[in-house]
Amino acid sequence: MKFSIKKLLAFILILTFLPGLVPAAGSVSLAAEYDLRNPRIFIQEPDPEEEFDEEDLEDAEPVEQSRTVWDCIWFGRYWQEDTDQNGKADKKDTKTPIKWRVLSVEGDDVFLLADKNLDCQRYNDKLEWVAWDTCTMRSWLNGYGPEKNALGKDYRNKSFYHYAFTKQEKQAIVTTNVVTEKRLSLTDHGFMPATDHSNFKKNVESGNYSTFDKLYLLSLEEVTNPQYGFSVKDMYDWDWEKRTSMATVYTLQGGEIKSKYISNNSFLGNTQWWLRSPCAIIRSTSTLAAFVYNTGSVGTGYSVDAPHFAVRPALHLNLKAVSKSGSSPGWLYAGTVSSDGKVKETAPFPLPLKWNRKITIVKSKGKKCDVSLSWKKSPGAKGYQICYSTSKKWKNKKQELVSKNKVTMKNLEKKKTYYFRVRSYRMEGKKKSYGAWSSTKKFKIKK
């Protein structure tokens with residue numbers, strides 16, 4: 001009997017520990033299911049064919065070369081490209097999916113940084129002493145009212161948050177405790193040479209403060225954090241590729257503030273982008289904000305009202321929250337990007353773009369051997385393709401491209417029945433991308 005009781009007690013004890021040892025059904029995170037991982041840093045061998053001068057070799061220090069690979073996802077949409085092909089990227093174009101780099105994964109919480117510089121914006125609309133908590137940049141990113149910034153500007157209906165995300169997507173963006181430095185000692189971050197700056201640190205106000213935001217900019221600490229795929233080493237390197245960021249066409253053409261200066265400050269398509277950290281120079285003024293150069297090195301500070309810097313937003317996303325309302329998640333895996341320029345991209349989910357929706361032929365008429373068709377315009381379409389045939393199964397079909405939303409097909413054969421359909425198209429580089437065919441219109445050509 002004693003033996004049986006011992007067995008029973010042992011069995012109960014095992015059951016007690018099982019929940020902690022065996023994952024509960026459905027407890028696997030979506031990040032694990034989609035294999036979203038933290039950034040991977042790979043050590044690279046120096047290029048044996050790279051040439052150096054003897055003088056350079058004498059002064060050179062050994063540098064560990066590496067590349068970072070980030071997983072990416074598609075989430076939200078924003079103006080980025082010249083979708084209507086009129087030579088200008090603006091708010092009349094169609095919003096396209098935003099690609100984000102995964103900086104860290106913790107369960108179903110992923111820390112994201114925009115893959116590209118998505119807009120052009122001032123850190124603050126006026127040159128004055130300002131910090132992250134009171135600058136207009138923070139209000140514009142998050143859609144805050146006038147009480148949140150020093151200039152009293154209202155961004156509730158004209159913000160990045162408002163423009164880029166649907167109601168469902170907004171609910172999945174996590175409100176984050178964003179810790180920002182009040183003042184920075186540049187010597188602590190390795191920006192300044194080791195000379196006498198005895199008065200410098202006396203003017204530096206230490207300490208941090210918190211804001212609670214859905215969208216924000218990276219700080220100096222974050223943009224040098226190896227856990228996010230960056231490095232504190234080589235911050236001043238001219239070609240530090242881990243921090244360089246391409247700008248969208250919309251950004252290069254002035255973006256939200258219609259800047260005429262940002263394109264002049266680009267380098268190989270990369271632009272300078274703001275950090276949220278204020279930057280203290282000798283007098284520890286906060287009329288300057290930190291930034292990243294177009295070459296990837298970190299800038300010590302620039303006037304907060306400068307009109308030639310880009311915005312590269314960051315956010316925390318709850319993967320499960322955005323997937324609750326349907327079987328399809330509101331985000332999709334986008335492949336990987338590497339700091340050496342290699343990109344393995346998976347196509348975004350089908351876009352609800354107006355240009356490629358099914359066309360309805362609203363007017364049609366036949367006259368002698370001619371047939372006229374017209375349909376509603378598809379915003380964003382470059383043109384339309386007409387297909388017609390005397391066969392229901394479209395054998396020996398003929399196709400023509402037109403730029404307007406109407407066409408007259410002339411000199412058709414008498415006593416023949418013709419079938420017509422129309423679809424829109426746009427240009428993606430040099431390739432045509434087509435929308436759905438309209439329903440078929442049937443006409444019989446009389447004598």
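Colleague: Why does Cys387 count as buried in this predicted model?

Modeller: Its relative accessibility is 0%. Buried means under 20%, so Cys387 qualifies.

Colleague: What makes Cys120 buried?

Modeller: The relative accessible area of Cys120 is 0%. That value is under 20%, so Cys120 is called buried too.

Colleague: What is the largest nonpolar core, and which residues have the most contacts inside it?

Modeller: The largest nonpolar core has 71 residues, and Tyr78, Trp132, Phe160, Phe165 and Leu218 have the most contacts inside it. Strand S2, residues 66-78, supplies the largest share, namely six residues. A second, separate core has 17 residues, among them Ala381, Tyr388, Met409 and Phe443.

Colleague: What does Tyr78 touch?

Modeller: Setting aside residues up to four places away in sequence, Tyr78 touches a list of residues that includes Lys95, Leu118, Trp140, Phe160, Tyr250 and Glu256.

Colleague: Why is S2 described as largely enclosed by the rest of the structure?

Modeller: Of the 13 residues of S2, 11 are buried, so the description holds.

Colleague: How do you know that S2 and S14 pair?

Modeller: The two strands share seven bridges, in the antiparallel sense. Pairing asks for at least two bridges, so S2 and S14 meet the condition. One of the bridges joins Trp74 to Leu332 in S14.

Colleague: What of S2 and strand S3?

Modeller: S3, residues 96-106, pairs with S2 over five bridges, again antiparallel. Cys72 has Arg101 as its bridge partner in S3. Strand S1, residues 40-43, is also antiparallel to S2, over four bridges, with Arg40 opposite Val69.

Colleague: Why is Leu332 called partly exposed?

Modeller: Its relative accessible area is 27%. Buried requires under 20% and exposed over 50%, so Leu332 falls in between. Leu332 lies in strand S14, residues 331-338. Leu332 and Ile73 are 259 residues apart in sequence, but their C-alpha atoms are 5.4 Å apart in space.

Colleague: What makes Arg138 buried?

Modeller: The relative accessible area of Arg138 is 6%, which is under 20%, so Arg138 is buried. Arg138 sits in helix H4, residues 136-142.

Colleague: How do you know that the side chain of Arg138 makes a polar contact with the side chain of Asp213?

Modeller: The distance is 2.8 Å, and the cut-off is 3.5 Å. The Arg138 side chain also reaches the backbone oxygen of Asp133 at 3.0 Å. Beyond its neighbours within four places in sequence, Arg138 is in contact with residues including Trp132, Tyr144, Lys148 and Phe212.

Colleague: Which phi does Lys258 have, although it is not a glycine?

Modeller: Lys258 has a positive phi of about 55°. Lys258 is in the loop between helix H8 and strand S9.

Colleague: Why does Lys258 count as exposed?

Modeller: Exposed means over 50%, and Lys258 has 65% relative accessibility, so the term applies.

Colleague: What makes Lys415 count as exposed?

Modeller: Its relative accessibility of 59% is over 50%, so Lys415 is exposed. Lys415, likewise not a glycine, has a positive phi of about 60°, and its place is in the loop between strand S20 and strand S21.

Notes. Residues numbered from 1 in each chain as written. Predicted model: local features only at pLDDT ≥ 70, side-chain atom pairs only at ≥ 80, totals over all residues. Heavy atoms only, no water. Buried < 20%, exposed > 50% of the residue type's maximum accessible area, 1.4 Å probe, protein only. Core = buried A, V, L, I, M, F, W, Y, C linked by side-chain atoms within 4.5 Å. Contact = heavy atoms within 4.5 Å. Polar contact = N/O pair within 3.5 Å; in protein donor to acceptor, adjacent residues only side chain to side chain.
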